[in-house]
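Please look over the sequence and the coordinates before reading this briefing, which moves from the overall fold to one set of paired strands.

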Amino acid sequence: KINNINVIGVIHGLMTNYHKGNMGTKKLKDLNLLKYDKIYVWINHFKELMKKNSYLYRETDVFVSGWLSSRQVHKRHFISTKKNNYVLHAFEINSNFNEISKILRIFNEKGYQIILKKRYPYENYNHFGDINFQLVSDFTQDHIENSFCAVCNASTFFYNYLNMDIPIVIPEKEKDGYNFFSSNKINVFEFSETVEEKILSCNKNFFDLEELNTQFLDEFK
């Protein structure tokens, strides 16, 4: 920056209003802060969040790269119409383990099989207590097609679930305190006694992950 070399930032995953390194704060908005000349986010939804909430970056500074993480190879073409076998959870390092464990335990007690996706380098998942879960390296096509819902709190995998047409259950805001995701998105439900009924009556979601675009790839030629 001192030598007038343009610096490009690439967000490494999830973008929320809580990421002050990208959003900044109103109290510092008039300072000449060190920041990227151009910043790439994964999907247009993240760009809209920055456009609305960032005090660091203008809309003209923010670009969409496309989805940089691995995608699930299978996309469901239907929504849950019965109480399918599986409840999915991709392990999240920043999750509220107490609330997530409580939700998974209740689903487990109702007869659902919990499928817990590993996150490298973690091998010990004892903090989930006595929940009966199957530990996997990745969700299979069978897990995806026969899932009833996914439980999520603080992971970019939230968008993979949406892309796969899997209903999402998130903790109640008043019990979580830092819920990253809005409950008013299509097929995203705060946990409650009636969450199963809501899942069974939800509609198909047409959300899709954006492909890597040429402008982003050209930055690195």
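How many positive and how many negative side chains does the protein have, and how far apart do the centres of the two sets lie? In this predicted model, the protein carries 28 positive and 26 negative side chains, and 5 Å separates the centres of the two sets.

**Overall fold and dimensions**
- Eight helices and nine strands make up the secondary structure elements counted in the protein.
- The radius of gyration is 19 Å, which is close to the 17 Å that the globule rule gives for 221 residues, so the protein is as compact as a globular protein of that length.

**Burial, contacts and surface**
- Of the 221 residues in the protein, 46% are buried, while the accessible surface comes to about 12300 Å², with 49% of that area belonging to carbon and sulfur atoms.
- When contacts between residues at least 6 apart in sequence are considered, 68% of them join residues at least 24 apart.

**Strand β7 and its partners**
- Strand β7, which covers residues 147–151, is mostly covered, with five of its five residues buried.
- Strand β4 (residues 86–90) runs parallel to β7 and is joined to it by three bridges, and in this pairing Val-87 has Cys-149 of β7 as its bridge partner.
- Strand β8 (residues 168–170) also runs parallel to β7, with two bridges between them, and here Ala-150 stands opposite Ile-168 of β8.

Methods:
Residues numbered from 1 in each chain as written. Predicted model: local features only at pLDDT ≥ 70, side-chain atom pairs only at ≥ 80, totals over all residues. Heavy atoms only, no water. Helix = DSSP H or I, 4+ residues; strand = E, 2+ residues; numbered from the N terminus. Rg over C-alpha atoms; globule rule 2.2 N^0.38 Å. Buried < 20%, exposed > 50% of the residue type's maximum accessible area, 1.4 Å probe, protein only. Contact = heavy atoms within 4.5 Å. Areas by Shrake-Rupley, 256 points an atom, 1.4 Å probe, with all protein chains shown as cover. Lys, Arg positive; Asp, Glu negative; His and termini not counted. Charge placed at Lys NZ, Arg CZ, Asp CG, Glu CD. Pairing = 2+ DSSP bridges.
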